[in-house]
Amino acid sequence: MQAEDARYLKRKVKGGSIDVHPTEKALVVNYELEATILGEMGDPMLGERKECQKIIRVKSLNANTDIAALAREVVEKCKLIHPSKLPEVEQLLYYLQNRKETSSTAGSKKGEMTGKLQDPPPYEGTELDETANINDIEDYIELLYEDIPEKVRGTALILQLARNPDNLEELLQNETVIGALARVLREDWKRSVELATNIVYVFFCFSSFSEFHGVIAHFKIGALVMSIVQHELKRHDVWVDELKKKSKAAEESAQAKKDFEKSFKKYQGVLKKQEQLLRVSYYLLLNLAEDTKVEMKMKNKSIVEMLVRTLERDNYELLILVVSFLKKLSIFVENKNEMSQYHIIEKLVKLIPCDHEDLLNISLRLLLNLSFDTDLRSKMVKLGLMPKLVGLLSNENHRLIVLCILYHISMDDKAKSMFTYTDCIPLVMKMILESPDERLEPELIALGINLACNKRNSQLVCQGNGLRLLMRRALRFKDALLLKMIRNISQHDGQTKNLFIEYISDVASIVKNSDDEELVVEALGILANLTIPDLDYELILKEYNLVPWIKGKLEPGAGEDDLVLEVVMLVGTVAMDDSCAAMLAKSGIIQCLIELLNAKQEDDEIVCQIVYVFYQMVFHEATREVIIKQTQAPAYLIDLMHDKNAEIRKVCDNTLDIISEFDEEWARKIKLEKFRWHNSQWLEMVESQQMDENDGVMYGDEGYSPYIQESDILDRPDLFYGQQGYDDGEMYDGVVTPEFMDDYGQVQNGDYVGQGGYGNRYNQDYDGFRPGSRVGFLPSGQAVDEYGQPVEVDQYGRPIGGYQYDNDVRGSQDEYGYGRGNYEY
């Protein structure tokens, strides 16, 4: 067929069946469209047939609607329905009137949750009575070149087509449509909110499918939409400022009050239009943000700030979309930090709780992402979110998310005590005890474990029969996590610890007979925590024959580190009792601990607990002798005395102090080691400095001991004078000290002689020389004056006689006790 042969297009519409919409209050009219191209002579040249649907929404339908009148109105307005089908239309409308809402429609109402984002509805005012046809697309494109009203109509018709996914590919193949829409949006979006909304909505329909994202990126729609959003937010700020001014003025006069009311009414109208545009814009951006590179570009263009600012709105549908977008962004730490800068927690507080279930659920999910940050968690507590969250534990829709948030909050020690002032603990206990499952939800029991770390919380748990019920459930289901919660309760001093006495036999039975290592670890922890003075541990050890079991577990490699650690802690608790300590010492457990100490030197926890066992043992006279005389425990303690771990050093020091009191030999060794440690670092520093400066020349090959107590301190003049003031080559042997230098430092024929003047009197710097000295020494040891003449000196190098002082200064002395003033020889 040649193109010029085509002369006419014949369209034929054939009505079909009528059905009800599955989720909405609407009728679905099925019809068949047949298009035939006729030739010049009227003969059909090409024909195509297509199945189509038209949706007739009846929003006004309610329990009081006149069904017969509504059916007549539908038949009259819809030409696709033959008048003969009026009874069928009435029957369908009656069905819609009595049909219960499904979950999808229920989600649009407050108080019910759908769990998914709803597509934005058509904007009010742009819905047309006419039905768009894909074959008339060229006519719609022509409207885009007219004035604003025609552009709005044209875009509304194209939007009708775009909302049907079947038409998207066909629209995309028409390059003129997409290009024209992008051009009109770029040029005229400020002139009409309706026009901008329609065009952005069309591109949103394309953005719902990833394969069309390339086209949207080609026309740079994403960047343009972000500019639109930013502009609309600024406009809103201007509107709010104007309303505030008029609100203040309204208090002064009636005319101003009328003006304010008029402005407020107008504001509500434009606000509704703007929020529709914002919603469809954010939805478009959210779809495009599935590509992390595109999301990064949005982040750089301040999408986080825009979204957080929009949280101040009251439109539930818009807020759901904004919070969903923020939740997606919050998984990256940079975005989370930026949200914190814009005070997102303060803005989310007003949404928790709220009547809209979908909004509440997505807001809690955003809070959960933010609760990984310590500062944001503390801010949640300060802003009073904890009681609100606890109040939501009874809501099945949100219980799991709330448990996760509360678990994160309970990780902070300061926040644990805050739970005491809420109903959280009774609710958690109720959920634990009433859970039908054998294994509790991990989030629930994790929260319980953290709460039990606080003493006051543990007391609340144990009120009434709380502990009894927890123990019964833990023993019945062999629940290691629940037993961990009970173990945390057992660590607190006071009445709660005494409540465990009646359960000791049950716990000891788990230790001896259970094959579940996790369960045994927790049971051992409970026994180790029961430091009760009146408890007869000797009876427990004998009744359950635990000493051989403990000794076997202390063998290196006999169990996992967690189990070994708990066994050592149990030994430390049991060793508080005299008879138990003696029993353990006789069984050879101390030697096992020493071997374990060698094997686990890198594990600070195990080392610290073993040292604590030694500390407990040396308290008792029966075991003190065993520790000191029969084992090498004191030697190991000396080695650990300077461990990098502060807790290990502390326990070692306390244990060695006790050993020093009862054994003089070890006391001397301990004192010597402490002295060596105290001085070794300083001596090593001095030695290294001297060796670096003199390369070993000063002391030859002999060297000296690094410990001061191993050499004669009088042979170490360098420790008193250091090396300041000595130039290379000035000292000829190791016995020369600064006292054998005169004030002038001149060397002549190997002798030290003066150089005129009187040293410090003329502010000449002779550091290293003894102040007030006027005597030098020849290498032979003969003292000489500044002129090189022999002088008789005493044992301190002071001249004996020979100096004659002027009468006016005779008897005066300097700060060293030497005479001063003019003198003659």
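Analyst: Helices (H or I, at least four residues) and strands (E, at least two) are DSSP runs, numbered from the N terminus. This is a predicted model: local features need pLDDT of at least 70, side-chain atom pairs count only at pLDDT 80 or more, and totals for chains, interfaces and linings use all residues. Residues are numbered from 1 along each chain as its sequence is written, and side-chain values use heavy atoms, leaving out hydrogens and water.

User: Where does E560 lie?

Analyst: E560 sits in the loop between α31 (546–553) and α32 (561–574).

User: Why is E560 called exposed?

Analyst: Buried means under 20% relative accessible area, exposed over 50%, partly exposed in between (1.4 Å probe, protein chains only). E560 has 52% relative accessibility, so E560 counts as exposed.

User: What makes W239 and Y267 an edge-to-face pair?

Analyst: Rings of Phe, Tyr and Trp (its six-membered ring) pair if their centres lie within 6.5 Å; planes under 30 degrees apart count as stacked, over 60 as edge-to-face and the rest as tilted. A search of the whole structure finds nine aromatic pairs. W239 and Y267 are 6.4 Å apart centre to centre, with 80° between the planes, which makes the pair edge-to-face. The pair links distant parts of the chain: W239 is in helix α10 (residues 221–249) and Y267 in helix α11 (residues 254–288), 28 residues apart.

User: Are W239 and Y267 buried or exposed, and why?

Analyst: W239 has a relative accessible area of 17%, so W239 is buried. Y267 is at 14%, so Y267 counts as buried too.

User: What makes K347 and E312 a salt bridge?

Analyst: A salt bridge is a side-chain nitrogen of Lys or Arg within 4 Å of a carboxyl oxygen of Asp or Glu. For K347 and E312, the closest N and O atoms are 4.0 Å apart. The partners come from distant parts of the chain, 35 residues apart: K347 from helix α16 (residues 344–349), E312 from the loop between α13 (303–310) and α14 (316–329). K347 is buried at 19%, whereas E312 is exposed at 51%.

User: How do you know that K416 and D413 are about one helical turn apart?

Analyst: K416 and D413 are three residues apart in helix α21 (residues 413–416), so about one helical turn separates them. Their side chains meet in a salt bridge of 3.0 Å, N to O. K416 is buried at 7%, while D413 is exposed at 62%.

User: Why is M339 called buried?

Analyst: The relative accessible area of M339 is 0%, so M339 is buried. M339 is found in helix α15 (residues 333–341).
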